[in-house]
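Visitor: Hi, I have a new structure open and could use a hand reading it. Can we walk through it together?

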Amino acid sequence: MHWLLLIIAGLCEVAFATCLGKAKESVGWPMYGWYVGFLISLTISMILLVKATQTLPIGTAYAVWTGIGA
């Protein structure tokens with residue numbers, strides 16, 4: 001179960017990086033929508049990463065999380 005949470009956290013990392021890139025390219029109201037998506041994705045990713053590291057070793061979890069994000 002914690003591996004699944006870690007994978008979802010990694011996918012949310014991809015989402016927050018994408019939202020941040022799109023926000024930098026946008027102007028006006030759409031920019032704020034991308035920033036909201038960034039904050040939501042970042043929050044979900046961090047919460048799931050913390051939950052996954054409660055049972056998985058931190059080094060392994062962080063390596064998997066950043067690997068998915070890359």
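This is a predicted model: local features need pLDDT of at least 70, side-chain atom pairs count only at pLDDT 80 or more; totals for chains, interfaces and linings use all residues.

Visitor: How many helices and strands is that?

Guide: The chain has 3 helices and 0 strands.

Visitor: OK, and what size of box do the C-alpha atoms fill?

Guide: Roughly 45 × 20 × 15 Å, taken along the principal axes.

Visitor: Let's look at helix α1. What span should its 24 residues have?

Guide: Helix α1 covers residues 2-25, and at 1.5 Å a residue it should span 34 Å. Its end C-alpha atoms are 35 Å apart, which agrees.

Visitor: Which residues of α1 are buried?

Guide: Among them are L5, L6, A9, C12, F16 and C19. The cover over the buried residues of α1 includes α2 (29-52) and α3 (58-69).

Visitor: And how much of the whole chain is buried?

Guide: Of the 70 residues, 30% count as buried. The chain exposes about 4500 Å², and carbon and sulfur atoms supply 75% of that.

Visitor: Switching topic: where does S26 lie?

Guide: S26 is in the loop between α1 and α2.

Visitor: Is S26 buried or exposed?

Guide: S26 is buried, because its relative accessible area is 18% and the cut-off for buried is under 20%.

Visitor: What does S26 touch?

Guide: A polar atom of its side chain lies 2.8 Å from the backbone oxygen of K22. Leaving aside neighbours within four places in sequence, S26 is in contact with M31 and W34.

Visitor: How many aromatic pairs are there?

Guide: The structure holds 3 aromatic pairs. One of them is F16 with F38: the ring centres are 5.9 Å apart and the planes sit at 80°, so the pair is edge-to-face.

Visitor: Which helices do F16 and F38 lie in?

Guide: F16 lies in α1 and F38 in α2, so the pair ties together parts that are 22 residues apart in sequence. F16 is buried at 14% relative accessibility, and F38 is buried at 16%.

Visitor: What about Y62 and W65?

Guide: Their ring centres are 5.8 Å apart with the planes at 40°, so that pair is tilted. Y62 and W65 are 3 residues apart in helix α3, about one helical turn.

Visitor: Why would that spacing matter for direction?

Guide: An α-helix has 3.6 residues a turn, so residues three or four places apart point the same way.

Visitor: And how exposed are Y62 and W65?

Guide: Y62 is partly exposed at 48% relative accessibility, whereas W65 is buried at 7%.

Key: Residues are numbered from 1 along each chain as its sequence is written. Side-chain values use heavy atoms; hydrogens and water are left out. Helices (H or I, at least four residues) and strands (E, at least two) are DSSP runs, numbered from the N terminus. Buried means under 20% relative accessible area, exposed over 50%, partly exposed in between (1.4 Å probe, protein chains only). Accessible areas come from the Shrake-Rupley method with a 1.4 Å probe; for residues, only the protein chains shown count as cover. The expected span of a helix is 1.5 Å times one less than its number of residues. Contact means heavy atoms within 4.5 Å. A polar contact is a pair of N or O atoms within 3.5 Å; within protein, one must be able to donate a hydrogen and the other to accept it, and residues adjacent in sequence count only if both atoms are side-chain atoms. Rings of Phe, Tyr and Trp (its six-membered ring) pair if their centres lie within 6.5 Å; planes under 30 degrees apart count as stacked, over 60 as edge-to-face and the rest as tilted.
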